[in-house]
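Me: I am new to this entry and would like to learn how to read it. Please take me through some features one at a time.

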Amino acid sequence: MSPVRRLLVRDLASVVSPARTRAPLRGVALREAEVIERAFVLCEEGRIAALGPMDALGAIAGEVEEVDGRGLSAIPGLVDCHTHACFAGDRVHEFALRAAGASYEELHAAGGGILATVRATRAAGEEGLAAALERHRRWMLQAGTTTFEAKSGYGLDRDTELAQLRAVARAGGVPTWLGAHAVPPEHADADAYLDFLLAEVLPEAASLAEAADVFLERGAFDVAQARRYLEACREAGLALRLHGDQFTEAGAVPLAVELGARSVDHLEVTGASGVALLAASDVTAVLLPASALFLGRPMPPARALVDAGAAVALATDFNPGSAFCESLPLVMSLACTQLRLTPEEALAACTVNAAHVLGRADRKGRIARGYDADLVLLAAEDWRHVAYHLAGPVVETVIRGGEVAWSRSA
Ligand code: NIG
Ligand code: FE
């Protein structure tokens with residue numbers, strides 16, 4: 001019999017976790033974090049077996065690996081519930097064009113943008129794609145992300161869409177099928193492309209992905225097309241998500257509520273009625289402030305959403321065009337400085353609430369007994385440095401499944 005796999009993180013200055021046990025957290029509950037000072041966390045077989053103040057730490061029978069937590073604080077492993085991390089190539093030339101005045105929508109309309117990454121992703125082959133995703137996964141891990149979602153949507157043909165979903169699953173991510181991201185040039189229009197997607201790709205995509213997503217936007221898919229795609233995906237057993245209200249308020253929020261979607265993401269231009277609809281629903285609002293920053297777009301109405309009682313999550317939107325950013329700590333900084341969220345709200349939004357969006361809130365996003373032993377050790381006694389230190393080296397060690405997955409000092 002192999003020995004029990006144990007890891008003890010001891011003498012931490014503090015351990016913080018979103019309060020309560022339900023998910024998603026809303027309203028004032030988003031502000032309640034439980035802090036234990038001078039604390040330990042004991043991991044066993046990949047789960048959190050115990051935590052508490054150091055003076056409550058009893059003798060541990062059997063072998064145990066120790067991590068010295070002196071001077072450090074621990075937060076739950078971060079959960080990035082919205083990325084497009086499975087892409088090949090980059091779009092640094094478009095970044096330079098935008099810096100010189102071109103707009104993201106203009107580049108897209110001229111055949112660049114998403115379609116430029118589609119060309120690179122189709123050309124990469126399955127191995128090239130896996131290598132690119134591995135590189136991106138390492139970046140995310142080093143920024144404290146222990147659970148990530150990644151979408152397809154850069155294949156837009158059968159083989160490459162399915163290859164993307166397989167690559168994400170193989171890399172340990174949560175795959176989302178974003179077949180309806182853009183219309184590729186080989187199809188006459190959005191309706192013809194949807195005919196193809198639903199007949200030729202959905203049957204297999206449904207067995208590889210956990211959710212489906214659609215880009216509901218001027219120049220992409222409209223409400224009727226998004227409804228048709230999402231209803232077929234729901235029928236096939238997938239959870240539903242939408243990209244909505246990024247540039248225009250084109251009906252994504254009412255559709256998300258009507259269909260009982262898991263989330264509607266972006267919301268940079270959502271107005272008062274959208275906020276009220278979301279607050280009265282079970283749909284989580286996923287906010288992507290790094291994308292708004294990167295494109296020079298307005299920030300989403302985060303404060304209004306939280307104050308109205310909506311469930312809010314934060315994510316990076318990591319992708320080569322609108323958010324070349326894998327860092328949830330940076331997103332937390334933006335949440336506190338641009339979205340007027342408190343550090344506690346920002347923490348809940350990219351841990352427990354993000355885990356809820358991925359259907360994993362029963363085991364991810366909290367430091368609590370029985371949860372997966374995913375922790376980020378921060379190089380500060382006060383955990384709020386994770387948001388306070390703008391783009392600073394705050395992540396010291398990342399523990400995933402009860403093992404040290406990355407350490408700055410290693
Ligand atoms: O969430 N808006 C649509 N899709 C992505 C961007 C993808 C890209 O530019 O490659 C987003 O911003
Ligand atoms: Fe996105």
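**Cysteines**

Reply: This is a predicted model. By the distance rule for sulfur pairs, the count of disulfides comes to zero.

Me: What is a disulfide?

Reply: A disulfide is a covalent bond between the sulfur atoms of two cysteines. In the model, a pair of cysteine sulfur atoms must lie within 2.5 Å to count. Cys-233 is in no disulfide, because its nearest cysteine sulfur, that of Cys-86, is 18 Å away. Cys-350 is in no disulfide either; for this residue the nearest cysteine sulfur belongs to Cys-81, at 8.9 Å.

Me: Are Cys-233 and Cys-350 buried or exposed?

Reply: The cut-off for buried is under 20% relative accessible area. Cys-233 has a value of 0%, so it is buried. Cys-350 is buried as well, with a relative accessible area of 0%.

**The iron ion**

Me: Which residues coordinate the iron ion (ligand 2)?

Reply: For a metal, one reads off the donor atoms and the residues that carry them. Here the iron ion (ligand 2) is coordinated through NE2 by His-82, His-84 and His-243, and through OD by Asp-317. The distances are 2.1 to 2.2 Å.

Me: What spacing do the donors follow along the chain?

Reply: The donors of the iron ion (ligand 2) follow H-x1-H-x158-H-x73-D. As for accessibility, His-82 is buried at 0% relative accessible area, and His-84 is buried at 3%.

**Two helices**

Me: At what angle do helix α3 and helix α4 pack?

Reply: A helix pair is read from the angle and the distance between the two axes. Helix α3 covers residues 114–142 and helix α4 covers residues 158–170; they pack at about 5°, with their axes 10 Å apart. Angles under 35 degrees count as roughly parallel, and α3 and α4 are therefore roughly parallel to each other.

Me: Which residues make the contact?

Reply: From α3 the contact takes in Thr-121, Arg-122, Glu-126, Leu-129 and Leu-133. From α4 it takes in Thr-160, Ala-163, Gln-164, Arg-166, Ala-167, Val-168 and Arg-170. Sorted by class, the contact of α3 with α4 has five nonpolar, three polar and four charged residues.

Me: Where is Ala-171?

Reply: Ala-171 is in the loop between α4 and β8 (174–180). This residue counts as partly exposed, because its relative accessibility is 22%. Leaving aside neighbours within four places in sequence, Ala-171 is in contact with Leu-133, Arg-137 and Phe-148. Phe-148 is 23 residues from Ala-171 along the chain, and their C-alpha atoms are separated by 9.7 Å.

**Backbone angles**

Me: Which residues does a cis peptide bond join?

Reply: For a peptide bond, the angle to read is omega. A cis peptide bond joins Ala-23 and Pro-24, where omega is about 0°. Pro-24 is found in the loop between β1 (6–18) and β2 (33–44).

Me: Where are Asp-11 and Asp-245 placed?

Reply: Asp-11 is in strand β1, and is buried with a relative accessible area of 18%. Asp-245 is in the loop between β10 (239–244) and α7 (252–259). At 2% relative accessibility, Asp-245 counts as buried.

**Two more residues**

How values were computed
Residues numbered from 1 in each chain as written. Chains lettered and ligands numbered in written order. Predicted model: local features only at pLDDT ≥ 70, side-chain atom pairs only at ≥ 80, totals over all residues. Heavy atoms only, no water. Donors = N, O, S within 2.8 Å, 3.2 Å for Na, K, Ca; no water. Buried < 20%, exposed > 50% of the residue type's maximum accessible area, 1.4 Å probe, protein only. Axes fitted to C-alpha atoms, helices over the stretch in contact; angles between N-to-C directions. Helix = DSSP H or I, 4+ residues; strand = E, 2+ residues; numbered from the N terminus. Parallel < 35°, antiparallel > 145°, perpendicular 65-115°, else oblique. Contact = heavy atoms within 4.5 Å. Nonpolar A, V, L, I, M, F, W, Y, C, P; charged D, E, K, R; others polar.
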